[in-house]
Amino acid sequence: MSELVLTTEDETHVVVKRRFEASPDAVYRAHLDPELIKQWCLGPEGWTMPVCINEGKPGGKIRYEWSNGKGTSFFLTGEILELDPPHRIVHVERMHMPDPTPANRVVTTFVADGAGTLMTMRMSLPDAETRRAMLATGMERGMEASYARLERLSGWKAGS
Amino acid sequence: MKREALLDRTLSALADPTRRGILARLALGEATVSELAEPFAISQPAISRHIRVLSEAGLIVQRVAGTKRPCRLAPGALTGLDEYLELLRGALTHNYRRLDQLLAGRAKGKDKTP
């Protein structure tokens with residue numbers, strides 16, 4: 001399984017790289033097709049995306065709403081700025097918690113790598129205040145996922 | 001240590017699932033090395049190595065209590081940026097594993113199409 005590589009760049013950006021065993025076209029489409037997005041873009045386990053709008057064209061709107069089924073929900077809005085299928089997506093997004101965060105410009109590229117695809121996503125790091133707000137809602141979810149991982153650890157072998 | 005070097009060390013320490021499991025356990029409170037080793041199917045020396053990596057990354061601290069060296073999360077170890085990056089890493093790791101499965105399923109479906 002391919003692990004993601006996450007690095008910070010000039011203290012204001014974060015760059016995520018991940019390889020997929022599928023063509024650039026397939027990975028690119030999975031980032032724009034709402035029917036596909038709502039199957040994978042869910043964050044920690046236990047969350048669903050009851051509303052998934054992605055108009056899939058330059059100037060098109062994005063709206064994702066997540067729910068944990070226990071009364072907690074939040075949403076993201078954005079717009080697509082540029083598309084160069086199947087190589088590049090540029091969009092802006094704001095998280096609503098419920099106040100919107102500053103618009104984050106995200107550039108995602110897809111490059112053929114053998115039979116697979118190397119995806120690179122570059123986005124702004126939220127400022128300290130935004131991070132605090134995200135962590136206030138997010139840590140709970142992060143810790144839930146950590147506890148779930150802990151429960152599964154007993155089967156793990158050395159070196160895994 | 002320069003901030004960037006410390007961040008690299010922190011991210012590298014967090015990249016390992018066993019070490020994340022140890023941190024998740026320590027989030028519940030202090031634990032001895034043998035208590036930390038218990039849920040893992042790996043040897044105590046291997047756990048001790050993981051603990052040393054976490055300690056060098058400033059994520060956990062150990063104290064001496066008789067013959068035991070209980071561990072706990074370092075105060076403020078995962079605050080601010082590091083905490084945010086770990087949150088992001090966790091969410092994206094889940095996302096991309098699901099996407100792997102989705103892409104594998106679609107490729108299979110395509111193969112079956114006459």
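**Entry 1: burial and make-up of chain B**

Of its 114 residues, 30% count as buried. I then listed the secondary structure of chain B and found five helices and two strands. Reading along the sequence, I noted the pattern α-α-α-α-β-β-α. I also checked how far apart in sequence the contacting residues of chain B are. Taking contacts between residues at least 6 apart, I found that 51% join residues at least 24 apart.

**Entry 2: helix α4 of chain B**

Which residues of α4(B) are buried? I found B:Ile47, B:His50, B:Ile51 and B:Leu54. Seen down the helix axis, these buried residues fall within an arc of 100°, and therefore they line one face of α4(B). On the other side of the helix I noted B:Pro45, B:Arg52 and B:Glu56, which are exposed. After α4(B) comes B:Gly58, and its phi is positive, near 75°.

**Entry 3: the sheet of chain A**

I moved to chain A and traced its sheet. The sheet is open and has eight strands, in the order β1-β2-β8-β7-β6-β5-β4-β3, with antiparallel pairing. Which strands stand at the edges? They are β1 (5-9) and β3 (48-54), and each pairs on one side only. From one strand to the next, the twist averages 20°. As a reminder to myself, strands of a sheet pair through backbone hydrogen bonds, either parallel or antiparallel.

Strand β2 (residues 13-20) of chain A pairs with β8 (residues 116-124) of chain A in the antiparallel sense, over eight bridges. In β8(A), A:Leu118 stands opposite A:Arg19.

Next I took β7(A) with β8(A). How many bridges join them? There are eight, again in the antiparallel sense. Here A:Ala112 stands opposite A:Thr117 in β8(A). The two strands form a hairpin with two residues between them. In the turn, A:Gly114 has a positive phi of about 60°.

On to β6 (residues 88-96) of chain A, which is joined to β7(A) by six bridges and runs antiparallel to it. I noted A:His91 opposite A:Val106 in β7(A).

I wrote down the confidence scores last. The model scores ipTM 0.78 and pTM 0.62. Chain A averages a pLDDT of 82, and 79% of its residues score at least 70. Chain B averages 80, with 82% of its residues at 70 or above.

Which element of chain A has the lowest mean pLDDT? It is helix α3 (residues 128-151), with a mean of 53, whereas strand β7 (residues 104-113) has the highest, 96.

Where pLDDT is low, the predicted coordinates should not be read in detail.

How values were computed. Residues are numbered from 1 along each chain as its sequence is written. Chains are lettered from A and ligands numbered from 1 in the order in which they are written. This is a predicted model: local features need pLDDT of at least 70, side-chain atom pairs count only at pLDDT 80 or more; totals for chains, interfaces and linings use all residues. Two strands pair if DSSP finds at least two bridges between them. Helices (H or I, at least four residues) and strands (E, at least two) are DSSP runs, numbered from the N terminus. Axes are lines fitted to C-alpha atoms, for helices over the stretch in contact, and angles run from 0 to 180 degrees between N-to-C directions. pLDDT is the predictor's confidence in each residue, from 0 to 100. A residue is buried if 20 or more other C-beta atoms lie within 10 Å of its own, exposed if 12 or fewer, and partly exposed in between; C-beta atoms are placed from the backbone. Two residues are in contact if their C-beta atoms, placed from the backbone, lie within 7 Å. The arc is that of the directions from the helix axis to the C-beta atoms.
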